[in-house]
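Here is a quick briefing to read alongside the model. Keep the sequence and the 3D view open as you go.

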Amino acid sequence: MEPPKPLIIYHRGRHGKDIRVKENTLRAFKRAIKEGAAMVEFDVWTGLRVAHDPNPETTVPTLVEVLDAIHARCAVNIEIKSPQALPGVMDVLDDALTLGCWTASKIVVSAFHHKSAIAVKQQFPELRVGVINVGVLEPMYIEWLAKQGINNLHLDWANIYMDIEDGCRM
């Protein structure tokens, strides 16, 4: 029996200087699929712009363009970077799930703004939704998030590691 293959998740698509592909471009997302990505992660700002930074220096694709390019050939983790982007993201998700090729099993939504994540979960209970946090959350807050239907906690590994080194135990 062959050992299981690693799960490939590309952050901002498959990009890098060595392959001359810029991050968060349609080419980067298509390249990720070509190389066997199980999932790609990208950030969405107001205007449905897909970019890491709020004011990118170059033209960037929109959420609709990225979802069309990927065409459900791999899963996506859509990170909502701004609460102002939430209404537009919700509209696109609704269209993608009802009119397009996308299924709930291919979409994860995450957000630093926990109210945005909860709003997504309330409108789309079938989706996996995560909250992003740069610190370790208190168990009581984690339990509250679970009651809101939140599926995932996306935590910064460095903060968890620091808490473990400091002797913090849950």
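Thr25 sits in the loop between E1 and H1; helices (H or I, at least four residues) and strands (E, at least two) are DSSP runs, numbered from the N terminus. At 24% relative accessibility, Thr25 counts as partly exposed, given that buried means under 20% relative accessible area, exposed over 50% and partly exposed in between (1.4 Å probe, protein chains only). From Thr25 to Thr98, 73 residues along the chain, the C-alpha atoms are separated by 25 Å.

Some ground rules: this is a predicted model, where local features need pLDDT of at least 70 and side-chain atom pairs count only at pLDDT 80 or more, while totals for chains, interfaces and linings use all residues. Residues are numbered from 1 along each chain as its sequence is written, and side-chain values use heavy atoms, with hydrogens and water left out.

**Helix H1**

- H1 spans residues 26-34, and its buried residues are Ala28, Phe29, Ala32 and Ile33.
- Those four lie on the same side of H1 because they cover an arc of only 140 degrees around the axis, the arc being that of the directions from the helix axis to the C-beta atoms.
- As background, an α-helix has 3.6 residues a turn, so residues three or four places apart point the same way.
- Just after H1, Gly36 takes a positive phi of about 90 degrees.

**Aromatic pairs**

- There are two aromatic pairs in the structure; rings of Phe, Tyr and Trp (its six-membered ring) pair if their centres lie within 6.5 Å, and planes under 30 degrees apart count as stacked, over 60 as edge-to-face and the rest as tilted.
- Phe29 and Phe42 pair edge-to-face, at 5.4 Å centre to centre with 65 degrees between the planes.
- That pair ties together distant parts of the chain, with Phe29 in helix H1 and Phe42 in strand E2, 13 residues apart.
- Phe29 and Phe42 are both buried.
- Tyr141 and Trp144 make a stacked pair, 5.6 Å centre to centre and 25 degrees between the planes.
- Both Tyr141 and Trp144 belong to helix H5 (residues 139-147), three residues apart, or about one turn of the helix.
- Tyr141 is partly exposed at 30% relative accessibility, and Trp144 is partly exposed too, with a relative accessible area of 39%.

**Parallel strands and crossovers**

- E2 and E3 run parallel and are joined by six bridges (two strands pair if DSSP finds at least two bridges between them).
- Met39 has Ala75 in E3 as its bridge partner.
- E2, H2 and E3 form a right-handed β-α-β unit: with the strands pointing away from the viewer, the path from the first strand over the helix to the second runs clockwise.
- E3 and E4 also pair in the parallel sense, over five bridges, and Asn77 has Val108 in E4 as its bridge partner.
- From E3 the chain crosses through H3 to E4, in a right-handed β-α-β crossover.
- E5 (residues 128-133) runs parallel to E6 (residues 152-155), with four bridges joining them, and Val131 stands opposite Leu153 in E6.
- The β-α-β crossover from E5 through H5 to E6 is right-handed.

**Core and covered strands**

- The largest nonpolar core has 41 residues, of which Val40, Phe42, Leu63, Ile70 and Val120 touch the most other members; such a core is a set of buried Ala, Val, Leu, Ile, Met, Phe, Trp, Tyr and Cys residues joined through side-chain atoms within 4.5 Å.
- H3 gives the most to this core, with seven residues.
- Leaving aside neighbours within four places in sequence, Leu63 is in contact (heavy atoms within 4.5 Å) with residues including Phe42, Ile78 and Val92.
- E3 is covered on both faces, with Ala75, Asn77 and Glu79 buried on one side and Val76, Ile78 and Ile80 buried on the other.
- Val108 lies in E4 and counts as buried at 10% relative accessibility.
- Beyond neighbours within four places in sequence, the contacts of Val108 include Met39, Asn77, Arg128 and His154.
- Val108 and Asn151 are 43 residues apart in sequence and 9.6 Å apart in space, C-alpha to C-alpha.
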